[in-house]
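Subject: Structure for your review

Dear colleague,

Please find below the structure that I am handing over to you. My notes on what was found in it follow directly after.

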Amino acid sequence: MTRRTLVAAVMGCVVLAAASCAGPERPTATTDGKGAASTSASPVPSATATPTVDDAAARERMTAAATGRDAPGPEGLLVAAESTGGALFVWESSDGRFCHGTATGVGVTSVACFTRPHTPQVGKEPRLVPLVRMMATGWNVVFGAEHETVESVTCDGVPVRVKDVGVMADGRRSVHAVEFPDLTLGTVSVRVRRGSRVVTETLALETFAKKDDARFASCGEPTS
């Protein structure tokens, strides 16, 4: 199996099982086009600004796809990532369930939500909460921070751009996103502030790859 074929297979699996690291979901998907995965070997995203898909059109498609009990609550859709090919959105339903979805320029949409209200629940201690790991505009990892403030993310000491997506859970969870050009294995280091203390936590970029898989870019330590 070639590297491109394997990435495409992983992409299809993860899109439908999206955020499986965080708990059970009920994913649904509709498609009327085809997407392609990037094959760049670099684990560090480019700092160059990239033209993006029309935001209004992507939001319209996403709003049309996320309906019923999976429709966005009062805070609406939050953009976790965007590119010329489409956008990755996250939101909370009116009953507090975390959802995410993608909308592309050719009309492909996907939606996935947790099944239980107020999921994932906010913990009592400071922590990072993995929310989404999937191929959307690149290899996208969305995570929450509870009772702490994210200051920076690094891959083997190299800074990674962090997008501050917004807040959820009545303001008790800040949501952030990082992106890599292609499937990237291992872990990144997340520097967080807890009051007057600064500590470094580890965030897994995926949970399914075999240890030391040299076919893909990687950061930090293997996850398996």
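A residue is called buried when its relative accessible area is under 20%, exposed when that area is over 50%, and partly exposed in between. With a relative accessible area of 0%, arginine 97 is therefore buried. Please note that this is a predicted model.

Confidence

The chain has a mean pLDDT of 81, and 75% of its residues reach 70 or more. Over residues 1–42, however, pLDDT stays under 50, although the model has 83 contacts beyond four places in sequence for them. Residues 44–50 likewise have a pLDDT below 50, and this stretch has nine contacts beyond near neighbours in sequence. Where pLDDT is low, the predicted coordinates should not be read in detail.

Disulfides

How many disulfides does the structure hold? There are two, and with bonded cysteines counted along the chain they follow the pattern 1-2, 3-4.

One of them is formed by cysteine 99 and cysteine 113, with the sulfur atoms 2.1 Å apart. This link is right-handed, with 115 degrees about the S-S bond. Because cysteine 99 lies in strand β4 and cysteine 113 in strand β5 (residues 109–114), the pair ties together parts that are 14 residues apart in sequence. Both cysteine 99 and cysteine 113 are buried.

A disulfide also joins cysteine 155 to cysteine 219, at 2.0 Å from S to S. Here the link is left-handed, with -95 degrees about the S-S bond. The pair connects distant parts of the chain, 64 residues apart: cysteine 155 is in strand β8 (residues 149–155) and cysteine 219 in strand β14 (residues 217–219). Cysteine 155 is buried, at a relative accessible area of 2%, and cysteine 219 is buried at 1%.

Salt bridges

The count of salt bridges comes to nine. In one of them, aspartate 95 pairs with arginine 97, and the closest N and O atoms are 3.0 Å apart. While arginine 97 is buried, aspartate 95 is partly exposed at 22% relative accessibility. A network of salt bridges links Arg69, Asp70, Asp95 and Arg97.

Glutamate 151 meets arginine 191 in a salt bridge of 3.1 Å, N to O. Since arginine 191 belongs to strand β12 (residues 184–194) and glutamate 151 to strand β8, this pair ties together parts that are 40 residues apart in sequence. Glutamate 151 also forms a salt bridge with arginine 193, at 2.7 Å from N to O. Arginine 193 likewise lies in strand β12 and glutamate 151 in strand β8, so this pair ties together parts that are 42 residues apart in sequence. As for accessibility, arginine 191 is partly exposed at 38%, glutamate 151 at 37% and arginine 193 at 32%.

Two further residues

Threonine 102 lies in strand β4 (residues 98–104) and counts as buried, at 12% relative accessibility. Its side chain and that of serine 110 are joined by a polar contact of 2.7 Å. Not counting residues up to four places away in sequence, threonine 102 touches several others, including Met62, Leu88, Val108 and Met134.

Aspartate 55 is found in helix α2 (residues 55–65) and is partly exposed, with a relative accessible area of 34%. Leaving aside neighbours within four places in sequence, aspartate 55 is in contact with Val79 and Glu82. The C-alpha atoms of aspartate 55 and valine 79 are separated by 9.3 Å, and the two residues are 24 residues apart along the chain.

Yours sincerely

Terms used. Residues are numbered from 1 along each chain as its sequence is written. This is a predicted model: local features need pLDDT of at least 70, side-chain atom pairs count only at pLDDT 80 or more; totals for chains, interfaces and linings use all residues. Side-chain values use heavy atoms; hydrogens and water are left out. Helices (H or I, at least four residues) and strands (E, at least two) are DSSP runs, numbered from the N terminus. Buried means under 20% relative accessible area, exposed over 50%, partly exposed in between (1.4 Å probe, protein chains only). A polar contact is a pair of N or O atoms within 3.5 Å; within protein, one must be able to donate a hydrogen and the other to accept it, and residues adjacent in sequence count only if both atoms are side-chain atoms. Contact means heavy atoms within 4.5 Å. pLDDT is the predictor's confidence in each residue, from 0 to 100. A disulfide is a pair of cysteine sulfur atoms within 2.5 Å. A salt bridge is a side-chain nitrogen of Lys or Arg within 4 Å of a carboxyl oxygen of Asp or Glu.
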